[in-house]
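The following exercises concern the model shown below. Each task is followed by a solution in steps.

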Amino acid sequence: MPENNHTDHPASSTKQDRSNGGERILLTGATGYVGGRLLRLLEDSGRPLRCMARHPENLRARVSPQTEVVHGDVLQRDTLTDALQGIHTAYYLIHSMGTSDGFESDDRDAAANFAAAARNAGVKRIVYLGGLGEDDDDELSSHLRSRHEVGRVLKESEAQVIEFRASVIIGSGSLSFELVRALVRKLPIMLWPKWVSTEASPIAIRDVLSYLMETLELPLGESKIYQIGGPQPVSYGGIMDEYARQRGLKRMRIRVPLLSPRISSLWLGLVTPVYARIGRKLVEGLKNPTIVTDDAALRDFSIRPVGIQEAIQRAIEREDQEMVETRWSDALSSAGRTAKWGGEAFGSRLVDSRTIDVDVPPECAFVPIQRIGGDAGWYYGEWLWKIRGFMDMLIGGVGYRRGRRHASSVHVGDAIDFWRVELIEPNQRLRLAAEMKLPGRGWLDYEVCPRPGGGSTIRQTAEFDPAGLFGLCYWYSVWPLHQLVFAGMLRGVAKRAEAYCQDPANQTSP
Ligand SMILES: NC(=O)c1ccc[n+]([C@@H]2O[C@H](COP(=O)([O-])OP(=O)(O)OC[C@H]3O[C@@H](n4cnc5c(N)ncnc54)[C@H](OP(=O)(O)O)[C@@H]3O)[C@@H](O)[C@H]2O)c1
């Protein structure tokens, strides 16, 4: 395989460089984290693609028109026959950890069903992503033991099985990474049990995807196991430290030599209930080192995985990018305002979103948004904003007095009082990033959409990425005040939009 530099666009095997163009690929787990990310790359590669899912209806809207979506459940053998028909390479990106306590037997049965159906269909290659850990470790956790067993069972298919073994995958949305960061974010004082010094070879999701894609270029032949991971082993504590460092969080540690992974998993249930069920099984594996001890992947593939620092940096950057690209009007229901106390949660972020309908076209509705801040003010609670700015200055922030460069024109990068313009789409969207001192990061986002019968809907979304417990306390404690201010601001924008539409010369008063 040619040696090339690993670029920022992993596995962007384009339509030109695919070598097995006509050979149909089956992707399982496309509704999951790794499969969902691989789906895009496979579609971009132009290869004929079929996705198999337990609930195809959940997937259809997310695939391109060329991609087939079929029903299949690996625990029901008869559903697999059609799904595997005519398939050259099948990706197996499935686990049963979320579904039952008997996940080991479910995963064994699932792999056996898949292997049998693949053998009958004459599938040539199965690509499986499992977990690292030494086979001969008597204390291997049930989760890692099961991951290895799945790889062995898949070989009953008689297809070439390429098994990748990975440790923690670093990427926004990856279960193991979300666990790490939930622990760091929520606990200013961290219990530091013995297992935090267990070593792992974390790997960036982009590198995992590159390996999964480059496998399509491998010649058919014998089955292989590839251990994949970053260049340096790092302890779980080291991963948490690096995440805390990059997010500017200071964490106090209390060493507790006796805390076992099992007790930690109960503690995890209290701290991060969302991930607790699956997470517990992962935490029990924290006593096992998951480091790369074999460099076959570096010999057979061109990928050179990045280290933990870059992997975490990429995860944070990608998350930010995704939030910029989020259209709140699509992501949230069309309901006027956020119904839940504290707002909607989007990953680690909290969001207050509300809409108002105005009988003016988007060009008019956008005028007060474009002129917000500076002399035009924030359309509600002006004195509250001034107090906020004064307090910001007292604690060394930029304060309220920067104003704006121009009364009506706005560019990306402009300062508006204590905000910075992050995105501007004329007559549609303005996104401001907060530069005042906050225990976290904040954004204010306005979107204007035309309504089918005429007029426009204005959506105002405040977004907060809290830094640890202090950030969460801040958001919840100012929530009642925010309700008042955010509602007032949106009403103020609407009034000014209508006033402007009636009299374009009048650009400031309602
Ligand atoms: N994420 C990590 O940090 C990490 C680290 C190392 C290795 N891995 C490995 O990577 C692979 C993918 O992990 P992931 O993080 O992407 O998992 P995930 O997000 O939890 O997704 C699991 C996928 O499996 C599907 N699935 C579960 N039971 C199924 C069944 N009976 N029939 C058909 N599909 C079924 C789920 O579909 P539904 O939507 O129907 O539930 C979902 O698409 C796993 O083998 C895992 O061990 C992951």
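**Exercise 1: The antiparallel sheet**

Strands β15 (residues 349-358) and β20 (residues 456-466) run antiparallel and are joined by nine bridges. The model is predicted; local features require a pLDDT of at least 70, side-chain atom pairs count only at pLDDT 80 or more, and totals for chains, interfaces and linings use all residues. Residues are numbered from 1 along each chain as its sequence is written. Strands (E, at least two residues) and helices (H or I, at least four) are DSSP runs numbered from the N terminus, and two strands pair if DSSP finds at least two bridges between them.

Solution. 
1. The open sheet has seven strands in the order β14-β15-β20-β19-β18-β17-β16, with antiparallel pairing.
2. Its edge strands, each pairing on one side only, are β14 (344-346) and β16 (415-416).
3. Contact requires C-beta atoms, placed from the backbone, within 7 Å; axes are lines fitted to C-alpha atoms, for helices over the stretch in contact, and angles run from 0 to 180 degrees between N-to-C directions.
4. Helix α18 (residues 479-502) lies across β15 and β20, at about 30 degrees to β15.

**Exercise 2: The parallel sheet**

Task: State the strand order of the parallel seven-stranded sheet and locate α1 against its strands.

Solution. 
1. The order is β3-β2-β1-β4-β5-β6-β11, and the sheet is open.
2. β3 (68-71) and β11 (224-228) form the edges, each pairing on one side only.
3. From one strand to the next, the twist averages 20 degrees.
4. Four bridges pair β1 (residues 25-28) with β2 (residues 49-53) in the parallel sense; Thr 28 stands opposite Met 52 in β2.
5. α1 lies across β1, β2, β4 (89-92) and β5, running at about 155 degrees to β1.

**Exercise 3: The ligand shell**

Task: Which residues come nearest to the ligand, and which elements supply at least two residues of the shell?

Solution. 
1. Around the ligand there are 28 residues, of which Thr 31, Gly 32, Val 34, Ile 169 and Ser 176 come nearest; a residue counts as near if its C-beta atom, placed from the backbone, lies within 6 Å.
2. At least two shell residues come from each of α1 (33-45), β5 (125-131) and α6 (175-186).

Terms used: Contact = placed C-beta atoms within 7 Å.
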